[in-house]
Amino acid sequence: MIRGFLFDLDGTLVDSERETAEAMARALAREHAPNIVVEQYDRDFIIGRSWVAIYDSLRARYPQLAWSRAETIARTAKLRDEVFGERGVTVLPGARALLARTRQHKRGLVTGSGRDEVTQVLRYIGEHATFEVIVAAEDVASSKPAPDGYRAAIAALGLAPHECLVIEDSTAGIEAGRAAGCTVVAVRAGNFGGWRQDHAHRVIDTLDELTPELVDLLGRE
């Protein structure tokens, strides 16, 4: 029986990774130009990846980067509100309805985004975007596909892995959820990186398809 829901954020509930890329590019341009000029590769690399991987890529490509990972996240977050004000945030199909339907269950958010970024985005989703536990990039030593984040959320919710349904979009996220011992549903709607999803227990087009009947079926399986 499914008693808890563990959500990924970007690519699953919202699409804000391009806005994050723009904010990161602006932050680096304002404080590191002309020594660092973000290229399209760096923008594209953000999609579907955690800040652990993003920062490691930046450091490898730009050894002159003076910021720590925490500073890079914070300075990017500072400019995301500016970008969101210009472009908005796309809430993916079915996200608000699913959060409303599952509000009586235990819920966690496990994301490669920074905690400040999470706080910024959740207010755009609406009143039901609340979680008993949030595991963000700075809370784990190893990002997805390592299961650390999901294991931490499961423990905090006081549930067993088989009682939790993970909702993801990326290959790394699916692998993390499965390695944590959970049933994993992959959603195509936000899979803009074209990530492989066929190793999830079930693949759906949008969150609208994650009905109570399907959740019950997955729990029995």
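Two strands pair if DSSP finds at least two bridges between them. Strands are DSSP runs of E with at least two residues, helices runs of H or I with at least four, both numbered from the N terminus. The model is predicted: local features need pLDDT of at least 70, side-chain atom pairs count only at pLDDT 80 or more, and totals for chains, interfaces and linings use all residues. Residues are numbered from 1 along each chain as its sequence is written, and side-chain values use heavy atoms, with hydrogens and water left out.

Start at strand β6, residues 164-168. On one side, β6 has strand β1 (residues 4-7) as a parallel partner, joined by four bridges. F5 has L165 as its bridge partner in β6. Strand β7 (residues 183-187) also runs parallel to β6, again through four bridges. Here L165 stands opposite T183.

Buried means under 20% relative accessible area, exposed over 50%, and partly exposed in between (1.4 Å probe, protein chains only). Five of the five residues of β6 are buried. Both faces of the strand are covered. C164, V166 and E168 lie on one side, L165 and I167 on the other.

Turn to V37 for an exposed position. V37 sits in the loop between α1 (17-32) and α2 (40-45). Why does V37 count as exposed? Because its relative accessibility is 56%. V37 and D81 are 44 residues apart in sequence. In space they are 21 Å apart, C-alpha to C-alpha.
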